[in-house]
Amino acid sequence: MAETPGGMSESTVRAAHEIRVVIGRLRRRIKETYDLEELTPSQTSALSRLSKEGPASASALAAAERVRPQSMAATLAVLDERGLIRRRPDPDDGRRQLVSVSETGSAFLDDKRRAGEEWLARALESGYTEAERETILEALALLDRLSRA
């Protein structure tokens with residue numbers, strides 16, 4: 001078994017590369033299926049982060065998303081205009097506002113997730129045999145283990 005200069009086997013390096021490429025391609029393809037509402041990637045990312053992590057101040061959200069506060073303010077303005085977020089005073093600091101996902105925003109995210117899963121299910125049903133789907137499930141169990149390493 002050949003090794004790379006870093007001391008890892010060629011199969012290890014190749015697997016790392018292929019996983020990154022395939023997951024990126026699959027992620028982009030899933031996004032294509034549900035991005036009918038024309039949110040920018042920044043808007044989608046901020047809304048998803050709020051959904052996963054809960055309410056946050058605009059400055060904390062900007063730091064988490066690694067963007068300037070001015071950029072986050074513009075992102076939040078669009079999300080607010082579309083009714084996808086709500087703002088309320090921060091109970092710990094009345095000068096700040098906390099931003100959270102509104103009911104409309106939660107429904108929007110649920111619809112996006114459902115659309116992506118429906119596309120995946122249709123693609124798996126029509127393009128793969130039962131044995132291939134079982135192989136995919138086995139590979140996903142390994143990838144899940146990798147994600148926990």
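Ile23, Leu137, Leu140, Leu143 and Leu146 make up a nonpolar surface patch with about 440 Å² of accessible area together (Shrake-Rupley method, 1.4 Å probe, only the protein chains shown counting as cover). Patch residues have over 30% relative accessible area and no salt bridge, with nonpolar side chains joined within 5 Å; a salt bridge puts a Lys or Arg side-chain nitrogen within 4 Å of an Asp or Glu carboxyl oxygen. Helix α6 supplies the largest share of the patch, four residues. Helices here are DSSP runs (H or I) of at least four residues.

This is a predicted model, where local features need pLDDT of at least 70 and side-chain atom pairs pLDDT 80 or more, while totals for chains, interfaces and linings use all residues. Numbering starts from 1 along each chain, and side-chain values use heavy atoms, without hydrogens or water. Mean pLDDT (confidence from 0 to 100) is 91 for the chain, and 95% of residues score at least 70.

The largest pocket has a volume of about 810 Å³ (an open set of points on a 1 Å grid where a 1.4 Å probe fits, with protein on both sides within 12 Å along at least five of seven lines; lining residues have an atom within 4 Å of a point; the volume is the space filled by probe spheres on the points). Among its 20 lining residues, Val22, Leu26, Ile136, Leu140 and Leu143 are closest to the centre. With eight residues, α6 gives the most to this lining.

Notes:
Helix = DSSP H or I, 4+ residues; strand = E, 2+ residues; numbered from the N terminus. Patch = residues over 30% accessible without salt bridge, like charges linked within 9 Å, V, L, I, M, F, W, Y side chains within 5 Å. pLDDT = per-residue confidence, 0-100.
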